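Visitor: I have a model open and a few quick questions. Can you walk me through it?
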Amino acid sequence: MEVPILKQGQVLIATFQAALSDADLKHLRIGLVEQVVKFRSRGVIVDVTAMDVMDSFASRTLREIAQMIRLRGAETVIVGIQPEVAFAMVQLGLKLEGVATALDLEEGLEYLHEKFKETN
Amino acid sequence: MRSEAPSELLRELVAHLRQNRTQLREEWVSRISETRLLTAMTKEEIFAEATSVYDSYVEALETETFEALQAYARNLSERIIPRGVETHEVVGIVLLLRDVLARSLFAKYQTDFKKLNRILDAYEPAANRIANTVAVGFVQERERVIRQQQEAIRELSTPVLQVRERLLILPIIGVIDPQRARQLTEQLLRGIRTNRAKVVVIDITGVAAMDATVANHLVQTVEASRLLGATVIVTGLSPEIAQTLVTIGVDLGKMNTVGDLQGGIEQAERLLGYKVGPLAEAQ
């Protein structure tokens, strides 16, 4: 399943669909970094609003995506984690450590623009 | 002498109970006040309920079905529980009715001992089942009310309050058990999303102690809130709770804590970019 990636200025927005397989996640990991390189993006938003479960593989992949993108000098924000999903995640010990999070797309963009100002 | 079938006996005794309804009911009501039961109700109320109970009782005996009686018992309980009527009173009056009716059967069949025995063989199991049905109905209704009240208390005691744009306060008071902790977390996370909160101040000044399980829950609440993009500031930790957190190995460096609620709100405002001061300064 293709994950749509939209470009909005210096930010890429990847919108997760409901059921992503492990293979989809692996593709996305490479794909996103390639896009960051191609467009010289400074920020990436991964929107997981549609995800109703987050398992340890997805969680680890998101952390790896953030780390890989940081190596390209760009910042990642995960947005749209649902309350029930957040609750389940912390109970499993999946804290997404070291990865920025925001409530939704709007908040995520605001976070990134603040970050861009800092590094300008 | 021919022997009647049990159903025939039952019909005979139901007929007797119906015929003597007025007198037996009055006897029952006077025994109720003699034994000082149902003191929470007036005489008129007792009489009205007694009539319904008597008729339901006889009907249950007659039809040998107890669903109607059970429904009536729950309905009655719903009305009298708020009046403060206790379980022993309800069981007491049903047993009194059972006795009053039994005595009248003794009186009627006293010259025919064998028949009396057969009548009682028909009466007793039914009467026992009735007593049971009413008592169980009452207790079930009581338990339902208690559960409802507990739920209401839980809801009331964990308000999530918005004090400024993007700032929520969750004052926790009293005892937190794992169930309440879970409910708290769910309410908070929903509140963060609804109010688009960026900062949450959880004040536990009113919490005397928490065990490791609940302390863990608090930590999880902080982590889950972060996943929704909100920063949590915990205020009002007592020395005992601070000890518990250290003991369970919470990385206090990661947990944002401030001494009291006021300090917590001030820090929250700073995080949100507010500066609050007296009007004179603002001139």
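**A helix in chain B, then chain A**

Guide: Start just after α10(B), where Gly273(B) takes a positive phi of about 85°. This is a predicted model: local features need pLDDT of at least 70, side-chain atom pairs count only at pLDDT 80 or more, and totals for chains, interfaces and linings use all residues. Residues are numbered from 1 along each chain as its sequence is written, with chains lettered from A and ligands numbered from 1 in the order in which they are written.

Visitor: Which residues of helix α10 of chain B are buried?

Guide: Gly264(B), Ile265(B) and Ala268(B), in a helix that covers residues 261-271. Buried means 20 or more other C-beta atoms within 10 Å of the residue's own; exposed means 12 or fewer, and partly exposed is in between, with C-beta atoms placed from the backbone.

Visitor: Why do they line one face of the helix?

Guide: Because, seen down the axis of α10(B), they fall within an arc of 95°. The arc is taken from the directions from the helix axis to the C-beta atoms. On the other side, Gln262(B) and Arg270(B) are exposed.

Visitor: And what covers the buried residues?

Guide: The cover includes β2 (167-173), β3 (199-206), β4 (231-235) and β5 (256-258) of chain B. Helices (H or I, at least four residues) and strands (E, at least two) are DSSP runs, numbered from the N terminus.

Visitor: Switching to chain A. How many helices and strands?

Guide: Chain A has 4 helices and 5 strands. From the N terminus they run β-β-α-β-α-β-α-β-α.

Visitor: What order do the strands take in the sheet?

Guide: β1-β2-β3-β4-β5 of chain A, in an open sheet with mixed pairing. Two strands pair if DSSP finds at least two bridges between them. β1 (5-8) and β5 (100-102) of chain A are at the edges with a single partner strand each, so one side of each has no neighbour in the sheet.

Visitor: How many bridges join β3 to β4 there?

Guide: 5, and these two strands of chain A, residues 43-47 and 75-79, run parallel. Gly43(A) has Glu75(A) as its bridge partner in β4(A).

Visitor: Last topic: how many residues of chain B are in contact with chain A?

Guide: 13 residues of chain B, in contact with 13 residues of chain A. Contact means C-beta atoms, placed from the backbone, within 7 Å. On the chain B side, α7 (178-195) and α8 (212-227) are the elements that each give two or more residues.

Terms used. Contact = placed C-beta atoms within 7 Å.
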